[in-house]
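Here is a short briefing on the structure below. Keep the model open as you read.

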Amino acid sequence: MVQSQWPYWLPLRGDLRNISPYGAPQIEGVVALNTNENPFPLPSEVVAAMSERLTAVIADLNRYPDRDATTLRAKLAHYISQGTGVPLGVENIWAANGSNEILQTLFLACGGVEALALGFTPSYSVHPLIAQITKTPWFAGSRDEEFGINVANAKKLIREKSPQLVFVTTPNNPSGTSTSIADLKELAEATGSVGGLLIVDEAYAEFSDVPSAVTLLADFPHVVVVRTMSKAFAFAGARTGYLVGKPAIVNAALITRLPYHLSSLTQAAAEVALEFTPAMQGEIELLISERERVASAIAEVGYRTLPSSANFLLFSGFAGEPSVIWQAFLDRGILIRDIGLRGFLRVTIGTPAENEQFIAALREIAE
Ligand SMILES: Cc1ncc(COP(=O)(O)O)c(C=O)c1O
């Protein structure tokens, strides 16, 4: 909601006066398929182990946390190394309260009034939002009709604009579509040639078969990969995101992070989650097969989905405004996402039972 009238005594920045706080509706008592969360609660063995670890940490809450989150970062390095085959150490990882905070830390380090950030839209709307808050000029490059990035055009744009920060989200939110590693490599080359940083936002990587941009780090020091535990780890409430990159990028993040930004509780909980990685990620395969089932149901009613490598689907082909169809789902107890994209709506993959409810509502609405 935009505040129409700020109080006269509040010296709020002029450029922030017309911005709305970011956020999707949070509505009680509905099937929430609107924020790309993982619908499965933590396995009971993880709850037990985490409770025990947190109880021990609570007694020490009089002390500040490990400012450098060294143990957590070592575990994240191990996790990413195992998944990608790329050797990494604690010096390659920085962790924060969700990947949004990582993005902000990078903007604070390399953005600002004299910089330029470039992205390919439609994509994750928080990238331009943080650009605005950090006073970083933003240039919105486009995607093609299938929400892919035309690499030749993108390279030309990068050379023309010489941005300090280039953002690629893959799998992309809201489309779910992926950028291949060959294309990312070309974008990395172009970004490097103008002295910029290529930030690859891989929030949904674990749902995808496409190789991670982490595999580019050896050849391209200016590539930084942003990841989160919110999605595949089903850990959104704990707020843990991280970046993978060269030590110089981590050192730059150390300058712009707040002191003691990551609480002892968050660090301990995330460490336990990583120790239980297979259990925490136990539902990924099910979510992928459910994604395909929901996609088929959407196709059966005559709507269209884009090929998704994430835990959500963007669909189109319905008659009427997205806001009207969104309301029709809500009237049936299903909260999906109107991302403000003409002709499209996005649905997160839920539990099989939640997906059934979505499909039942879909069939009614499409009739
Ligand atoms: C592409 C993308 N990046 C980053 C995030 C932020 O995730 P978090 O701050 O929970 O780590 C999201 C969340 O939906 C996302 O879709």
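## Overview

Of the 367 residues of the protein, 50% count as buried. The model is predicted. It holds twelve helices and twelve strands.

**Overall build**

- A compact globule of 367 residues would have a radius of gyration near 21 Å, and the protein agrees because its value is 21 Å.
- Along the principal axes, the C-alpha atoms fill a box of roughly 55 × 55 × 55 Å.
- Take the contacts between residues at least 6 apart in sequence: 73% of them join residues at least 24 apart.
- The accessible surface comes to about 16,500 Å². Carbon and sulfur atoms account for 53% of that surface.

**Salt bridges**

- The protein has 13 salt bridges.
- One of them pairs the side chains of E202 and R227, at 2.9 Å from N to O. E202 sits in the loop between β6 (197-201) and β7, and R227 sits in strand β7, so the bridge ties together parts that are 25 residues apart in sequence.
- E202 counts as buried because its relative accessible area is 2%. R227 is buried too, at 6% relative accessibility.
- R291 and E292 form another salt bridge, with their closest N and O atoms 2.8 Å apart. R291 is buried, with a relative accessible area of 8%. E292 is partly exposed, at 41% relative accessibility.
- E300 and R363 also meet through their side chains in a salt bridge, at 3.8 Å from N to O. This pair links distant parts of the chain: E300 belongs to helix α10 (residues 284-300) and R363 to helix α12 (residues 352-366), 63 residues apart.
- E300 counts as exposed, with 61% relative accessibility. R363 counts as partly exposed, with 44%.

- R332 is placed in the loop between α11 (322-331) and β11 (334-335).
- Is R332 buried, exposed or partly exposed? R332 counts as partly exposed because its relative accessibility is 36%.
- Neighbours within four places in sequence aside, R332 is in contact with A361, E364 and I365.
- R332 and D68 are 264 residues apart in sequence. Their C-alpha atoms are 47 Å apart in space.

**The loop between β7 and β8**

- T240 lies in the loop between β7 (223-228) and β8 (241-244).
- T240 is buried, because its relative accessibility is 0%.
- Which residues is T240 in contact with, leaving aside its neighbours within four places in sequence? They are L72, A96, N97, G98, T228, M229, S230, F235, T266 and A270.
- R239 is placed in the loop between β7 and β8. R239 counts as partly exposed, at 31% relative accessibility.
- The phi angle of R239 is near 60 degrees, a positive value in a residue other than glycine.

**Backbone details elsewhere**

- F147 has a positive phi of about 70 degrees, although it is not a glycine.
- F147 is found in the loop between β4 (138-142) and α5 (151-161). F147 is buried, with 6% relative accessibility.
- T121 and P122 are joined by a cis peptide bond, with omega about 5 degrees. P122 is placed in the loop between β3 (117-121) and α4 (126-133).
- The peptide bond from T170 to P171 is also cis, and its omega is near -10 degrees. P171 is placed in the loop between β5 (165-169) and α6 (181-193).

**Nonpolar surface patch**

- Which residues make the nonpolar surface patch of about 240 Å²? I58, L61 and L265 make it.
- I58 is placed in helix α1 (residues 44-58).

Technical notes
Residues are numbered from 1 along each chain as its sequence is written. This is a predicted model: local features need pLDDT of at least 70, side-chain atom pairs count only at pLDDT 80 or more; totals for chains, interfaces and linings use all residues. Side-chain values use heavy atoms; hydrogens and water are left out. Patches are made of residues with over 30% relative accessible area and no salt bridge: like charges are joined within 9 Å, nonpolar side chains (Val, Leu, Ile, Met, Phe, Trp, Tyr) within 5 Å. Accessible areas come from the Shrake-Rupley method with a 1.4 Å probe; for residues, only the protein chains shown count as cover. A salt bridge is a side-chain nitrogen of Lys or Arg within 4 Å of a carboxyl oxygen of Asp or Glu. Helices (H or I, at least four residues) and strands (E, at least two) are DSSP runs, numbered from the N terminus. Buried means under 20% relative accessible area, exposed over 50%, partly exposed in between (1.4 Å probe, protein chains only). Contact means heavy atoms within 4.5 Å. The radius of gyration is taken over C-alpha atoms; the globule rule is 2.2 Å times the number of residues to the power 0.38.
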